[in-house]
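Welcome! Please take a look at the sequence and structure below, and then we can walk through some of its helices together.

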Amino acid sequence: MDEKGSPDSYPYAHNEKSAVEAERVPDRRASVALNVVENPLKVRLAFTPEQTVKDARAFAEQYGMPEHVDLFGRAALVARDPDRFDMIDSLHEDERQALEYERDHKWHGPFMLWYSISLCAIGAATQGWDQTGSNGANLSFHEALGINGVGRDEWIVGSINAIIFLTAGLIGAFIVDPLNYYLGRRGEIFLTAACLTATPIGSGFANTWQGLFAARFVMGIGIGAKNATVPIYSAEMAPHRIRGALVMFWQLWVVAGIFLGFCANVIVKDTGDISWRLQLGSAFIPSFLLMIGIYFCPESPRWLMKHGKQAKGFRSMNRLRANPIIAARDYYYSNVIYAEEVKLGGGGNYFIRLWECFAVPRIRRSNYGASTVMIAQQMCGINIISFYSSTIFVEAGYTEVEALYASLGYGAIQVLATIPTLFLIDTKGRRTLTLATFPFMCIFLLAAGLSLLNNDPSASRGARIGPVVL
């Protein structure tokens, strides 16, 4: 599926045999099912160094970049064998120095690259803040809106909390493809950020539970669409050498947003009857910053490439790289790989791409693995703590103020626990970390739930609070 990430963000392995076989297999389904694609500029016999330069120059001429034909010729040679650029005699001295500096400084990049990535981090924080704004509000909004009874009222409160994820999955995730197609990455992020700016404010001004429910219904759509686009946008801008690390930075900033949401809950706790309104409404802050900031970011080079705007795409890439030779190398290689993907995958409309999630073996296996992990993560119960930690702490014997501070501590622990993962995920592996952490989550969540069954009035406060805190 061509909307899932940049061409060079896919898992290409060094397997010459599979790459040659991919050329020979005429059947589209069989070719798509192959798991490995080699750098075609290096593997295929047709792509000699001379032919590589010729094709790159023709690419620049064809797409309205005649002033860059020589640059793309040199860049194509670098893309053909990135680790041996020092063997290319035609490189200018400043280009060689730029490539050497990039090789030796993994995190080097121009201001616009890091500005854009920072905006994506704010987009991640938006999700966490939206989630925890209702945490503190759960202590009082049901009383203010007259739904503080049992039975039906409890279902209403639960639905208000849960609706954002229901609409995120059932509506927001399914409109990502058309929104991205017609609006681009920047346009889609701007639209969803505007939605996530307006809906928290609307939640804060709600006077009925129906109004609050409607605001959070729309908020969920924005969350679903935004969450699927911001990581793609980040991956399509980032150099391949740091792209994997940025995946974990997304999670780090999600939990940072959770922590900031708890901070906001504590800050406005003494504002009286409007505290729940401010706790819900404060979630507009990161969304507003994202909405304003995305205007100054360049469009995704890959999106422009896919829509036939190669010259504009290269200008965008040039803003995101430290030197034109680096920009031309990454952009031309992305174009070559994208052409291979189109040849093997064939593209197609929205419904064809959706069907391929289940019909193409390679994509189906990836879909199955990702869905299994995500469903397990969402159903493990940790989101209950994120939504209801303050309520749970009150039921365990805390005062409301103590509960808000305890939730703040929970948010801080999430941030601290995520940081080691940044260093372990590439050394220990995703599967190992998942298998190591899920059992402990099961044990402690079960202990927290069972501890609340202790209604013995003679039991100490610590006996009830201890397992919950743990």
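## Where H20 meets H21

In this predicted model, helix H20 touches helix H21 through Ile382, Ile385, Ser386, Ser389, Ser390, Phe393 and Val394. On the H21 side, the partners are Glu400, Ala403, Leu404, Ala406, Ser407 and Tyr410. Sorted by class, the residues of this contact are eight nonpolar, four polar and one charged.

H20 spans residues 382–395 and H21 spans residues 400–424. Their axes lie 6 Å apart, at an angle of about 150 degrees. Angles over 145 degrees count as roughly antiparallel, so that is how H20 and H21 run relative to each other. Their crossing is right-handed.

## A bend in H9

Now follow helix H9, residues 152–170, to Ala162, where the helix bends by about 45 degrees. Which residues of H9 are buried? They are Asp153, Ile156, Val157, Ile160, Asn161, Ile163, Ile164, Thr167 and Ala168. These buried residues pack against helices H7, H8 and H11, and also against H20.

## H9 alongside H11

The axes of H9 and H11 come within 5 Å and cross at roughly 25 degrees, which means that H9 is roughly parallel to H11. The crossing here is right-handed.

From H9, the contact takes in Arg152, Ile156, Ser159, Ile160, Asn161, Ile163, Ile164, Thr167 and Ala168. They meet H11 residues including Trp209, Phe213, Arg216, Phe217 and Met219. By class, the contact of H9 with H11 holds twelve nonpolar, five polar and two charged residues.

Definitions and conventions:
Residues are numbered from 1 along each chain as its sequence is written. This is a predicted model: local features need pLDDT of at least 70, side-chain atom pairs count only at pLDDT 80 or more; totals for chains, interfaces and linings use all residues. Side-chain values use heavy atoms; hydrogens and water are left out. Axes are lines fitted to C-alpha atoms, for helices over the stretch in contact, and angles run from 0 to 180 degrees between N-to-C directions. Helices (H or I, at least four residues) and strands (E, at least two) are DSSP runs, numbered from the N terminus. Angles under 35 degrees count as roughly parallel, over 145 as roughly antiparallel, 65 to 115 as roughly perpendicular and the rest as oblique. A crossing is left-handed if the near helix is turned anticlockwise from the far one by less than a right angle, and right-handed if clockwise. Contact means heavy atoms within 4.5 Å. Ala, Val, Leu, Ile, Met, Phe, Trp, Tyr, Cys and Pro count as nonpolar, Asp, Glu, Lys and Arg as charged, and the others, Gly among them, as polar. The bend at a residue is the angle between axes fitted to the seven residues ending there and the seven starting there. Buried means under 20% relative accessible area, exposed over 50%, partly exposed in between (1.4 Å probe, protein chains only).
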